[in-house]
Amino acid sequence: MNKEIPYKIYLEENELPRQWYNVRADMKNKPAPLLNPATLKPMTFEELRPVFCDELIRQELDDTTPYIDIPQEILDFYKMYRPSPLVRAYCLEKKLDTPAHIYYKFEGNNTSGSHKLNSAIAQAYYAKKQGLKGVTTETGAGQWGTALSMACAYLDLDCQVYMVKCSYEQKPFRREVMRTYGAKVTPSPSDTTQVGRKILAEHPGTSGSLGCAISEAVEAAAHQEGYRYVLGSVLNQVLLHQTIIGLETKTALDKYGIVPDMIIGCAGGGSNLGGLISPFMGEKLRGERDYRFIAVEPASCPSFTRGKFAYDYCDTGMVCPLAKMYTLGSGFIPSPSHAGGLRYHGMSSVLSQLYHDGLMEAVSVEQTSVFQAAEEFARVEGILPAPESSHAIKVAIDEALKCKETGEAKTIVFGLTGTGYFDMYAYEKFNNGEMTDYIPTDEDLKPGFAGLPHVE
């Protein structure tokens, strides 16, 4: 096919996906089930009902249905900001003097500034449909909390957000966007919950973690009539909703006969990476086509590259079900790096199983190199990227430079799933030469591993 490829590839309305893709249906080795922490038996629908919305539980437990219809109300909401563009990074290619063809799927073209809105509206919709009063959640960098506050405002639901303390302090404007949309935002760990008080007693002065914030949000939901807990990453249901990214990307590439050699995404809990790669991974699993998948995580929180594949608690307070995943231990509290959305101790069970089976790769990168790549990208492509997404930019640039050395014109696709306009404190630290690279030692990781539950 010899169509001239535009800078931005958009889909027509009739080309937009009307179903989410469930990659678990094509996985030979299914992700291990969530376990009840008390009985160590697989969690049942009834056991999950006090925490999650009914329809979301069905999606969480369904590992056989390949495609799940997107309700019309959600499709109507998606139309406000979807399709998102698939951009050919011509300017970056020229700057790098590489024969590689670089594309990025840009998910920052909505007020929340990230891909998180794709699942936030779905989860809020199912909560509203169930007749609930509101939802509770956690947020790291604040993008998930912002997205959920928008979705809840749209559907007239109460929204309570526990924001990781270091991000709460570093990103006051992200916090204020949430409050503008009507959310109540609490820095975590806090003294408003029993588990928060326990964490503060054990770790005085802690900057918090996503694991801490999850514990508080789950407790808050359980203690309020008509509330449920919703999560912005990690869970099967979230990866399912985020496949709208990969489905649009694949349709746009197919439209111009483009076949990527590698697909790159940042990895914290897995929603961004899983959403982008799932339709392509499905082809690989079915033996239809091969791709190289690269997960990029911060060296300060290296769950894939240095974690253990084991059952672990999803939260620091140990009140959530056990999930089998690559983990640093629920007790691991990472340093207060500027990639707040990637500071989770574990990884999605779906992605963990795919990684364990050798179907994808993972690399860890240090934050100064990430910000260097972010600024290089911003100066030629005109988008200020979020620190999280900049991990993918860093490795995409590395791979493009390898192509320059070998002369191979490989096609690289990566996910740019957030903007960095609320991350200027981090950019300031980098520009002032005050940013450091913290990499945990093996000794640092030992306590987290020691706390892993014993599951046969």
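**Exercise 1. Is Thr-146 buried or exposed, and what is its relative accessible area?**

Solution. Thr-146 is buried, at a relative accessible area of 1%. Buried means under 20% relative accessible area, exposed over 50%, and partly exposed in between, with a 1.4 Å probe and protein chains only. The model is predicted: local features need pLDDT of at least 70, side-chain atom pairs count only at pLDDT 80 or more, and totals for chains, interfaces and linings use all residues. Residues are numbered from 1 along each chain as its sequence is written, and side-chain values use heavy atoms, with hydrogens and water left out.

Thr-146 belongs to helix α6 (residues 143-155). Helices (H or I, at least four residues) and strands (E, at least two) are DSSP runs, numbered from the N terminus.

Then list the contacts, meaning heavy atoms within 4.5 Å. Setting aside neighbours within four places in sequence, Thr-146 touches Ser-112, Arg-174, Val-177 and Met-178.

**Exercise 2. Give the strand order of the open sheet of 7 strands, and find its edges.**

Solution. The order is β1-β4-β5-β15-β10-β11-β14, and the pairing is mixed. Two strands pair if DSSP finds at least two bridges between them. β1 (8-9) and β14 (361-365) each have a single partner strand, so one side of each lacks a neighbour in the sheet.

Start at β1. It pairs with strand β4 (residues 86-88) in the antiparallel sense, over 2 bridges. Ile-9 has Leu-86 of β4 as its bridge partner.

**Exercise 3. Describe the open sheet of 4 strands and the helices packed on it.**

Solution. The order is β8-β7-β6-β9, with parallel pairing. The edge strands are β8 (184-188) and β9 (227-229), each pairing on one side only. From one strand to the next, the twist averages 20°.

Inspect one pair. Strand β7 (residues 158-164) and β8 share 5 bridges in the parallel sense. Tyr-162 stands opposite Thr-186 of β8.

Helix α8 (residues 172-180) touches β6 (134-139), β7 and β8, and its direction makes about 170° with that of β7. Helix α10 (residues 210-222) touches β6, β7, β8 and β9; its direction makes about 170° with that of β6. Axes are lines fitted to C-alpha atoms, for helices over the stretch in contact, and angles run from 0 to 180 degrees between N-to-C directions.

**Exercise 4. At what angle do the axes of α15 and α16 cross, and which residues make the contact?**

Solution. The axes of helix α15 (residues 367-381) and helix α16 (residues 387-406) come within 8 Å and cross at roughly 85°. That makes the helices roughly perpendicular, a class that spans 65 to 115 degrees.

Now the contact. α15 supplies Ser-369, Val-370, Phe-371, Ala-373, Ala-374, Glu-376 and Phe-377. α16 supplies Pro-387, Ser-390, His-391, Ile-393, Lys-394 and Ile-397. By class, this gives 8 nonpolar, 3 polar and 2 charged residues. Ala, Val, Leu, Ile, Met, Phe, Trp, Tyr, Cys and Pro count as nonpolar, Asp, Glu, Lys and Arg as charged, and the others, Gly among them, as polar.

Technical notes
Parallel < 35°, antiparallel > 145°, perpendicular 65-115°, else oblique.
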